[in-house]
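The following note was prepared for a colleague who wishes to read the model with the coordinates at hand. The points below are to be followed alongside the structure.

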Amino acid sequence: MQGKCAVCGKEGEVFVASSACGAMSNAYCEECLASGAEPWNDLVFYVSLAGHYPDQINEMYREIVRDTCKRLHKTEEEFSAAVEEEINKIDDICDMVSQIGCTSFPISDMQTNSMLPL
Ligand SMILES: [Zn+2]
C-alpha cells in the first residue's frame, strides 16, 4: 500500500500495524516497522500519561523510546524534555477544568500503571 510513514514521514510503500501507544494503528515504512519506532508525538503523549521519562517508565517502553530516538536521530534527553512539556500541558488543562467548576483530577490520578517499572 502506498502512503506516508507516520514515524519518519517518508512517502512510499507503507504497512499498517497496531501501535504500541494504545488502541490505534499507523502506517509504517518498512525501515520504521523493522526498527520498532513509533510516531514521536504519539509516544510523547502516551508516555506522559504514565509518568516522567525515564524514571517512571518500564524497560519495555524505554526500549521503544530508544528505537524511536535512534530512527529519528533524536536523543533521549529531547524525548524526556518533550514528555515534561506534555505533562505541564496536561496539568494546565486539568487546572483549567477545575477552575470552571468541574471536579479536580490531577494527572497522577489519570496516569496508568501499565508502564511503571515492575
Ligand atoms: Zn518510516
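1. From the N terminus on, the elements of the protein run β-β-β-β-α-α-α-α-α, that is, four strands and five helices. Helices (H or I, at least four residues) and strands (E, at least two) are DSSP runs, numbered from the N terminus. The model is predicted: local features need pLDDT of at least 70 and side-chain atom pairs count only at pLDDT 80 or more, while totals for chains, interfaces and linings use all residues. Residues are numbered from 1 along each chain as its sequence is written.

2. Of the 118 residues in the protein, 23% are buried. A residue is termed buried if 20 or more other C-beta atoms lie within 10 Å of its own, exposed if 12 or fewer, and partly exposed in between, with C-beta atoms placed from the backbone. Among contacts with a separation of 6 or more, 48% join residues 24 or more positions apart; a contact requires C-beta atoms, placed from the backbone, within 7 Å.

3. In the strand region, E3 (residues 15-18) and E4 (residues 25-28) pair in the antiparallel sense over four bridges; pairing requires that DSSP find at least two bridges between the strands. Val16 stands opposite Ala27 in E4. Six residues lie between the strands of this hairpin, in which Gly22 takes a positive phi near 105°.

4. The largest nonpolar core has 12 residues: Trp40, Leu43, Val44, Tyr46, Val47, Tyr53, Ile57, Tyr61, Ile64, Val65, Phe79 and Val83. H2, H3 and H4 are the elements that give two or more residues to this core, and the largest share, five residues, comes from H2. A second, separate core of eight residues includes Cys5, Ala6, Tyr28 and Cys29. Such a core is a set of buried Ala, Val, Leu, Ile, Met, Phe, Trp, Tyr and Cys residues joined through C-beta atoms within 7 Å.

5. Helix H2 (40-50) has among its buried residues Trp40, Leu43, Val44, Tyr46, Val47 and Ser48. H3 and H4 are included in what covers the buried residues of H2. Just after H2, Gly51 takes a positive phi of about 150°.

6. Which residues of H3 are buried? They are Tyr61, Ile64, Val65 and Thr68. Seen down the axis of H3, these buried residues fall within an arc of 100°, so they line one face of the helix; the arc is that of the directions from the helix axis to the C-beta atoms. An α-helix has 3.6 residues a turn, so residues three or four places apart point the same way. The buried residues of H3 pack against H2 and helix H4 (76-99), whereas Glu59 and Glu63, on the other side of H3, are exposed.

7. Helix H3 (residues 59-72) has 14 residues, and its span from first C-alpha to last is 20 Å, close to the 20 Å expected at 1.5 Å a residue. The expected span is 1.5 Å times one less than the number of residues. His73 follows H3 and lies in the loop between H3 and H4. Its phi is near 55°, a positive value in a residue other than glycine. With 8 C-beta neighbours inside 10 Å, His73 counts as exposed.

8. Neighbours within four places in sequence aside, Tyr53 is in contact with Val47, Val65, Phe79, Ser80 and Val83. The C-alpha atoms of Tyr53 and Glu77, 24 residues apart along the chain, are separated by 9.1 Å.

9. Is Ala34 buried or exposed? Ala34 lies in helix H1 (residues 30-35) and is exposed, because 12 other C-beta atoms lie within 10 Å. Ala34 and Asp67 are 33 residues apart in sequence and 10.0 Å apart in space, C-alpha to C-alpha.

Methods
Contact = placed C-beta atoms within 7 Å.
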